[in-house]
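Hello,

Here is the structure I said I would pass on. My notes on it follow below.

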Amino acid sequence: MKPIQLLRARRRNGHWHWTDIAAYAYLGLGVVLMFGPVMWLVLSSFKTQASLLEFPPSLLPLSQQEVRVEGFPQPLPLFAATLDNGERRELAQIRRIGLIAQMVDPADPKRQYRVPTARLAPVRHLSFVTSNYTEPLQKFAFTRYLWNSVFVTTIATLITLLINSMAAYALSIYEFRGKTIAMLMVIGTLMIPITIILVPVYLVITKLGLVNSLWAVILPGAATPTGVFLLRQYMLTLPRDLIEAARMDKASEWQIYWRIVMPLAAPALAVLAIFSIMWRWNEFLWPLAVLTRSESFTLQIGLNAFQGELQTQWNYLLAMTVVSLVPVALVFVFLQRFIATGIANTGMK
Amino acid sequence: MIDLPDGIGLQAVPTASRLARLRRSGATILGAVLRLIDRPMGLLQRLIGERRMVYVFLLPNLAFFSLFVFVPLAIDLAYSLTGGESLFPSQRPYVGTEQYAYLFDCGSFFDPASCRVDHFWRGVANTMRFTVFQLVSMVTFSLVTALVLNMRIRGRGFFRAVYFFPVLLSPVVVALVWKWILQRDGLLNAGLTMIGGQKILFFVDPGWAMFWSVFVSVWAHMGFYTLILLAGLQAIPADLYEAAQMDATPRWRVLVRITLPLLWPNLIVVIVLAMIRGVQTFDEVFVLTGGGPGTATLMIVQYIYETAFASQVQNFGLAAAASIVLGVVLFLLTLAQLSRTRSAS
């Protein structure tokens, strides 16, 4: 939509009601307020440590230009200098002595100048520093955290899909004794968040000998009431004739579940998979409680530990935060519609 | 045995591309694995009979629920009724309701300083304040946003996505994004000095710390509530609006007489959910402020976490008693929600 068309657009009766203008103003403000902070994070993650400490900060990642000058082994920083006669010239700085800088003309290395530092302004150009991204990979256990998060997310999602779909299948297709109790159990777990059973779950995990292993993060949340409800709701809509026909043809119950119901429930499984990936990738409180050794940290716990350090190295922290954003951003770009309908239908996330 | 379309692509597709061949061999392996499960499951069915198979399907999920939800809930109670420092309930002496008495030992419930466990009561006071502010602003902003998005707006999908995307961000990322903006030499302070103001140390001032905790939480979760309200708005029959337009009813009147009453069930859901979430607030605020300055943004859940895991003496009994108190509050709120949603549908 071109802006011009947008401006020419009229209501049916040809007038802009003041609420229309207010609505667009609100939405415009929303774009800035919602996207702005994340954009700022991404831009900042490409800045050098030095320019992150600058105040006021520059909008774009800039860094000082350096030039190689004949006769000097190191590249020299470039400044726009105002000379004594008022002439402005781009000079490279050789050294600084107090408030006076010794400068050289890169075009003519034989001419040197002495300029007060107050009359120097750094020449800067747009440059994206990628070392913020590459260095943590070698220096810190960042790849370890990343791998842990990927492992937890993948395995937990697979387990969730399997056991939730089995339970949903049982609760949607069959009539049996104890069905009400089973349903009540599912509803019951919906009311008991991890926040109130933190300590005893820790005990269970200790008894199972899983403290500090990734399974301690995977297992407690593997069975989700949300997932059972979501899948059951979908499976209830499947045609019963199909299942009856399969049973006539002597398919076992497992085959009916695995070969008929599962493929048909693929859309609901996809929604649950997206939810589960989101939950697991972003999970915080439980891993924080149960993981105490840094080699088993997930990405979120690693980021939190890193930001809590006394001398936070913001350049690395920002870059790592951006990396942890990437999967979520991909999910968002490709699957936003699924998630939106999923939330609208279940009122859960 | 019937031949079923098994949806995992076992049929060979005559394509020469490598990708297809790769996928085909992957599917063959998957198919073989599946057949491996088929056989024992068939055997099991012959052994216990078709009618009991349903319990086999239920078992894994319910076992997880029992092991990680129901048993822990019982142990939680046991913890709160015992003392000592041991993690194992068998080594903890029974102390009756001592933990609760200790927790509720207050001169006045309106003054956390008069309580023996003052951090818990500061947590309660902060959580209540947080929940109220968050609830009011969350409902206001998500309602306005949903109403605006429900107008005939160009690029509605885009704007909906803009408000929705922070929902997917992790609490750590959300907190770090804002911490970076709000820090002493951050973007906001740069803006303030540019218009001639003074730098503000947002995380040193208790009032600002609470304000930003609420703000960041609304920023992150507003999209979720907006979606629920938007679904409700779109379910309102269009002919009602057409009738109102015929009568040339003013817009505010349409809003008050048609939209809001019909949206009421969804609003109730939003209010109760925001309340339940507010009471459980932990992660964003914890990463953003660490509960500080002092205890100005310390929430109940942070108190529980720190009492059990992050303090020198791990006091599991006290943490469990506090969890049970929190659990009762949540239970009451959830009951309210269930009864409201039931009466609404």
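The contact between the two chains comes first: 108 residues of chain B and 103 residues of chain A take part in it. Please keep in mind that this is a predicted model. Together the chains bury about 10000 Å², and 76% of that area is on carbon and sulfur atoms. On the chain B side, Phe57(B), Leu168(B) and Trp180(B) lose the most area to chain A, together 9% of what that side buries.

Polar terms across the interface are as follows. There are 13 residue pairs in polar contact between chain B and chain A, both residues being at pLDDT 80 or more. Helix 2 (residues 53–80) of chain B gives the most to the side of chain B that touches chain A, with 21 residues. Three salt bridges link chain B and chain A. One pairs the side chains of Asp38(B) and Arg259(A), at 3.3 Å from N to O.

A search of the whole structure gives 12 salt bridges over all chains. Among them is Arg247(A) with Glu50(B), whose closest N and O atoms are 3.8 Å apart. This pair crosses between chains: Arg247(A) sits in helix 10 (residues 240–248) of chain A, and Glu50(B) in the loop between helix 1 (18–48) and helix 2 of chain B. Arg247(A) is partly exposed at 22% relative accessibility, as is Glu50(B) at 37%.

Two further salt bridges lie within a chain. In chain A, Glu295(A) and Arg293(A) have their closest N and O atoms 3.0 Å apart. Glu295(A) has a relative accessible area of 41%, so it counts as partly exposed, and Arg293(A), at 46%, is also partly exposed. In chain B, Arg122(B) bonds to Asp118(B) in a salt bridge with a closest N to O distance of 3.8 Å. Because they are four residues apart in helix 4 (residues 118–150) of chain B, Arg122(B) and Asp118(B) are separated by about one helical turn. Salt bridges that share partners also join Glu244(A), Arg247(A), Glu253(A) and Glu50(B) into one network.

Ala308(B), in helix 12 (residues 300–310), is buried at 0% relative accessibility. Leaving out residues up to four places away in sequence, Ala308(B) touches Val199(A), Gln314(B), Asn315(B), Phe316(B) and Ala319(B). Its C-alpha atom is 25 Å from that of Leu332(B), 24 residues apart along the chain. Leu332(B) belongs to a nonpolar surface patch of about 420 Å², made with Val328(B), Phe331(B), Leu335(B) and Leu338(B). Phe331(B) lies in helix 13 (residues 316–344) of chain B and is partly exposed, at 42%.

Regards

Key: Residues numbered from 1 in each chain as written. Chains lettered and ligands numbered in written order. Predicted model: local features only at pLDDT ≥ 70, side-chain atom pairs only at ≥ 80, totals over all residues. Heavy atoms only, no water. Helix = DSSP H or I, 4+ residues; strand = E, 2+ residues; numbered from the N terminus. Buried < 20%, exposed > 50% of the residue type's maximum accessible area, 1.4 Å probe, protein only. Contact = heavy atoms within 4.5 Å. Patch = residues over 30% accessible without salt bridge, like charges linked within 9 Å, V, L, I, M, F, W, Y side chains within 5 Å. Areas by Shrake-Rupley, 256 points an atom, 1.4 Å probe, with all protein chains shown as cover. Salt bridge = Lys/Arg side-chain N within 4 Å of Asp/Glu carboxyl O. Buried area = accessible area lost by both parts, 1.4 Å probe. Polar contact = N/O pair within 3.5 Å; in protein donor to acceptor, adjacent residues only side chain to side chain.
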